[in-house]
Amino acid sequence: MARNGGVAWMRTTEKIDGYDLSTSDTEEVHVLAVDDSLVDRKVIERLLRISSCKVTAVDSGRRALQYLGLDEEIQKKETNGFDGLKVDLIITDYCMPGMTGYELLKKVKESSAFREIPVVIMSSENVIARIDRCLEEGAEDFIVKPVKLSDVKRIIDYTTTELREGEQREGARARRRGINKRKQREGDDDLSSSPPSTLSSSTSSSPSSSIQSATAPLSPSTLDSPTRRLKMTSSE
């Protein structure tokens, strides 16, 4: 699954060094490979295709920015001719004229649209300070040339894992949003269909009860008692 909604598909029957690249409409990772050396570019492109990746190869950091739409100056001067497929992974050489791989890494990580794309740096020199600087800037990995098939497979494995987990997290968030909206609608429906509340029987009957008690005949009092009647008769 490509980032930002992009999806790439491949069907091929090509064989390279005995590897059968035939696939049947399988989802693939789209990799932007950047190297000024034609030989090294062809090597990394071959290894990526063996790993069933969609590959776009360019010869400079500026061309990579152009493909990503991050170099406005070049875009104004010429048409890039790229197909605009979404990129899942960037693999770039470190030492290149014009713009180094480290500078390309910084440009990508400064972009709000592309900062989540993993960037892997390649170099023929195993310089610890260079490796540390790239990793601190946000590089996903640093590979010392010559790049091997095991290196590529390892990178693709964790890239596809991250993409899958990202899709699952997004799907879970979408399901939670749907559940919350459904609960809200159900709550609104319950409020609109519920009958109006009534006063308790004791409260509603209290006024009428007081009226009835005021107008009802008095119960027999001491005035009507036999003792009182007897005294009145005697006095008479």
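Helices H4 and H5 are roughly parallel to each other, a label for angles under 35 degrees. Helix H4 spans residues 101-110 and helix H5 spans residues 128-137; they pack at an angle of about 10 degrees, with axes 10 Å apart. Axes are lines fitted to C-alpha atoms, for helices over the stretch in contact, and angles run from 0 to 180 degrees between N-to-C directions. Helices (H or I, at least four residues) and strands (E, at least two) are DSSP runs, numbered from the N terminus.

From H4, the contact (heavy atoms within 4.5 Å) uses Tyr102, Leu105, Lys106 and Lys109; from H5, it uses Arg133, Cys134 and Glu137. Three of these residues are nonpolar, none is polar and four are charged. Tyr, Leu and Cys count as nonpolar, Lys, Arg and Glu as charged.

This is a predicted model: local features need pLDDT of at least 70, side-chain atom pairs count only at pLDDT 80 or more, and totals for chains, interfaces and linings use all residues. Residues are numbered from 1 along each chain as its sequence is written, and side-chain values use heavy atoms, without hydrogens or water.

Now the sheet. Five strands form an open, parallel sheet in the order E6-E5-E7-E8-E9. Two strands pair if DSSP finds at least two bridges between them. E6 (54-58) and E9 (141-144) stand at the edges with a single partner strand each, so one side of each has no neighbour in the sheet. The twist averages 20 degrees from one strand to the next. Four bridges join E7 (residues 89-93) to E8 (residues 119-123).

| Helix | Strands crossed | Angle |

Conventions
Angles under 35 degrees count as roughly parallel, over 145 as roughly antiparallel, 65 to 115 as roughly perpendicular and the rest as oblique.
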